[in-house]
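This report looks at one residue and the sheet around it. The sequence and the structure come first.

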Amino acid sequence: DASRSNCFGSKTFSFAPSMTDFGKMRRHTGARSFADECKFIKRIDGTSFQIDKGFVPGMNVPGKFYANKRLETLMFDELKLHVQRGESGFLPAVKQIANVASLPGIVKRSVAMPDVHAGYGFAIGNVAAFDMSDPSAVVSPGGVGFDINCGVRLLRTNLLEKDVKPVQERLAQALFDHIPVGVGSKGIIPTTAKDLDEALEMGMDWSLREGYAWVEDKEHCEEYGRMLNADPTKVSRRAKKRGLPQLGTLGAGNHYAEIQVVEEVYDKVAAKRMGIDTKGQICVMIHSGSRGLGHQVATDALTVMESTMARLGLSTNDKQLACAPINSKEGQDYLSSMAAAANYAWVNRSSMTFLARQTFAKVFKSTPDDLDMHVIYDVSHNIAKIEEHMVDGRVQTNTNNNSKPQTNKQTNKRRHKEVKTQRSEDTKKRRNKERSWCSRVVVVK
């Protein structure tokens, strides 16, 4: 429509609100029409847009989002509805992107990926980096989200669609029987309080030790399936109580364990490296996170940070962006507990991987090894990590919220060496575990 065409002009962009009065922002934006709001949003090219400073009060940097035509329409319709409602109700994603740009210590810009839509505090798909050398730089649980280290794991098989078709209903039911689903679902992985503390600290190393993961699995996981700064003592008793019975469970909402078919191969070289280069090949995708434990860690942190903000005199454009300076006790405690919850999520996905492998082995009267059920990748999308990046020609250490996978090269080399030395012993252990579990898992109904 004509008003929307005003949104696209010169090539600039800016994001997010700053540490100012939330009511002031409401009054400021409430006085503008949709056409006036669009003047702050400029098209850069066919798929990217810039949000200029001034879109919300106190923006320290601009904002940027990526969208195809369909998502572009949704983004601007969301903003238009927000204006028509008189600024009431949930904030549209463009406002949330801009609010993030106003947080202290943010580096360069607030960016939203092509899956962007309205979220809690941060927009879903919103990524931001904060300068660790800036004493005012903050960390916000709203940037990570409630389902800490919610992520996606892909397993391959050597089965084809024609192999699965005759047993697809039985296979789907068996997967459903083995992996508990739904709100409050409880897992079948035996876990004591001591086990839980060790899992929170060790991540996938715990799964490997207990025989629920293959050594090779770690090599294909972000952070090798373990955040080293995790501290189980920073996780509340209530969070642990919620997490104890839920290892190896899918949960509800948009989480899924799905049997998928390769429809098209776009990059034959890359696909061959990953072992998924055949049309009709069967894969398994698992999407889940840290369940009730991660939700409680986020809830606990938000409560603490709200009082911290009051004590330090901090304010944000949106109360969902409650935060604390990264290097404060509250900031460090949150990063330690968040890392523990992230480790829990890797253990959770590893446990479901184990159960999925046993399901396929049972239905196809084979072994996970013979079915070539290797992890292709495990990528997180609700996480904050400390990373080094080149910024304006110099190395800068940032806390990255909802960041892409990055790990220190020296740490990678050390871990890779450890993986190699463990391979033979751990492979024997997990094979023994699989054999002992075949009888136990079969009876789960």
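Is L159 buried or exposed?

## Basis

The model is predicted: local features need pLDDT of at least 70, side-chain atom pairs count only at pLDDT 80 or more, and totals for chains, interfaces and linings use all residues. Residues are numbered from 1 along each chain as its sequence is written, and side-chain values use heavy atoms, with hydrogens and water left out.

## Residue L159

L159 is buried, at a relative accessible area of 7%. Buried stands for under 20% relative accessible area, exposed for over 50%, and partly exposed for values in between (1.4 Å probe, protein chains only). The residue belongs to strand β7, residues 151-160. Strands (E, at least two residues) and helices (H or I, at least four) are DSSP runs numbered from the N terminus.

Leaving aside residues up to four places away in sequence, L159 touches V164, G280, Q281, I282, F360, F364 and L371; contact means heavy atoms within 4.5 Å. Its C-alpha atom is separated by 8.3 Å from that of C283, 124 residues apart along the chain.

## Sheet and helix

An open sheet is formed by four strands in the order β8-β9-β7-β11, with antiparallel pairing; two strands pair if DSSP finds at least two bridges between them. β8 (256-261) and β11 (375-380) are the edge strands, each pairing on one side only. Five bridges join β7 and β11 in the antiparallel sense, and V375 in β11 is the bridge partner of L155.

Helix α15 (residues 329-363) packs on the sheet and touches β7, β8, β9 (281-288) and β11. The direction of α15 makes about 15° with that of β7; axes are lines fitted to C-alpha atoms, for helices over the stretch in contact, and angles run from 0 to 180 degrees between N-to-C directions.
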